[in-house]
Amino acid sequence: MNLYWCRTNPQNVGDALNIWLWKRLIPDRESLDPSGTLFGIGSILDDRLNSPGPKYILGSGARSNNHGIRKEADLRIFSLRGPLTAMALNAPSKLAMT
């Protein structure tokens with residue numbers, strides 16, 4: 001499974017946590033579903049989620065209310081950053097972490 005996160009230079013702490021965190025929480029991630037992508041920490045949910053393959057959402061936030069994500073996108077949402085992201089994605093509020 002691929003990992004998607006925001007790569008900037010210089011990195012901010014939240015984005016850099018993706019490198020450290022997911023290795024420890026899911027040590028065998030790279031051997032899981034090669035067609036899938038894990039979307040981790042950061043405001044990274046937007047129309048890129050319309051790409052083929054399943055997307056596993058664990059704590060990500062929407063970039064905006066006008067995110068451009070189609071209803072047909074193969075999203076497997078386990079948790080979202082907060083209630084505004086849940087509203088933007090029309091997801092249950094119980095998926096909001098904060």
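Is Phe 39 buried or exposed in this structure? The model shown above is a predicted one, and in this model Phe 39 counts as buried, with a relative accessibility of 4%. The cut-off explains the label: a residue is called buried when its relative accessible area is under 20%. With this residue as a point of entry, the chain can be described as a whole before its details are considered.

The protein chain contains two helices and five strands. When these elements are read along the sequence, they follow the pattern β-α-β-β-β-β-α. The radius of gyration of the chain is 13 Å, close to the 13 Å that the globule rule gives for 98 residues, so the chain is as compact as a globular protein of that length. Along its principal axes, the C-alpha trace spans about 30 × 30 × 25 Å. Of the 98 residues in the chain, 39% are buried. Among the contacts with a separation of 6 or more, 27% are made by residues 24 or more positions apart.

The discussion now turns to aromatic side chains. A pair of aromatic rings is described by the distance of the centres and the angle of the planes. A search of the whole structure finds two aromatic pairs. One of them joins Tyr 4 and Phe 39: the ring centres are 5.1 Å apart and the planes stand at 35°, so this pair is tilted. Tyr 4 belongs to strand β1 (residues 2–4) and Phe 39 to strand β2 (residues 37–39), so the pair ties together parts that are 35 residues apart in sequence. Tyr 4 is partly exposed, at a relative accessible area of 22%, whereas Phe 39 is buried.

The other pair consists of Tyr 56 and Phe 78. Their ring centres lie 6.4 Å apart and their planes are at 15°, so this pair is stacked. Here too the pair links distant parts of the chain, with Tyr 56 in strand β4 (residues 55–62) and Phe 78 in strand β5 (residues 75–80), 22 residues apart. Tyr 56 is buried, with a relative accessible area of 14%, while Phe 78 counts as exposed at 51%.

Between these two strands, β4 and β5, runs a loop that holds Asp 74. Asp 74 is partly exposed, with a relative accessible area of 29%. Leaving aside residues up to four places away in sequence, Asp 74 touches Gly 53, Pro 54 and Lys 55. Asp 74 is 31 residues from Ser 43 in sequence, and their C-alpha atoms are 18 Å apart in space.

Two features of the backbone remain. Most residues other than glycine have a negative phi, and most peptide bonds are trans. The peptide bond from Asn 9 to Pro 10, however, is cis, with omega near 5°. Pro 10 is found in the loop between β1 and α1 (13–25). At Asn 90, a residue other than glycine, phi is positive, near 55°. Asn 90 is placed in the segment after α2 (83–88), and at 72% relative accessibility it counts as exposed.

Technical notes
Residues are numbered from 1 along each chain as its sequence is written. This is a predicted model: local features need pLDDT of at least 70, side-chain atom pairs count only at pLDDT 80 or more; totals for chains, interfaces and linings use all residues. Side-chain values use heavy atoms; hydrogens and water are left out. Rings of Phe, Tyr and Trp (its six-membered ring) pair if their centres lie within 6.5 Å; planes under 30 degrees apart count as stacked, over 60 as edge-to-face and the rest as tilted. Helices (H or I, at least four residues) and strands (E, at least two) are DSSP runs, numbered from the N terminus. Buried means under 20% relative accessible area, exposed over 50%, partly exposed in between (1.4 Å probe, protein chains only). The radius of gyration is taken over C-alpha atoms; the globule rule is 2.2 Å times the number of residues to the power 0.38. Contact means heavy atoms within 4.5 Å.
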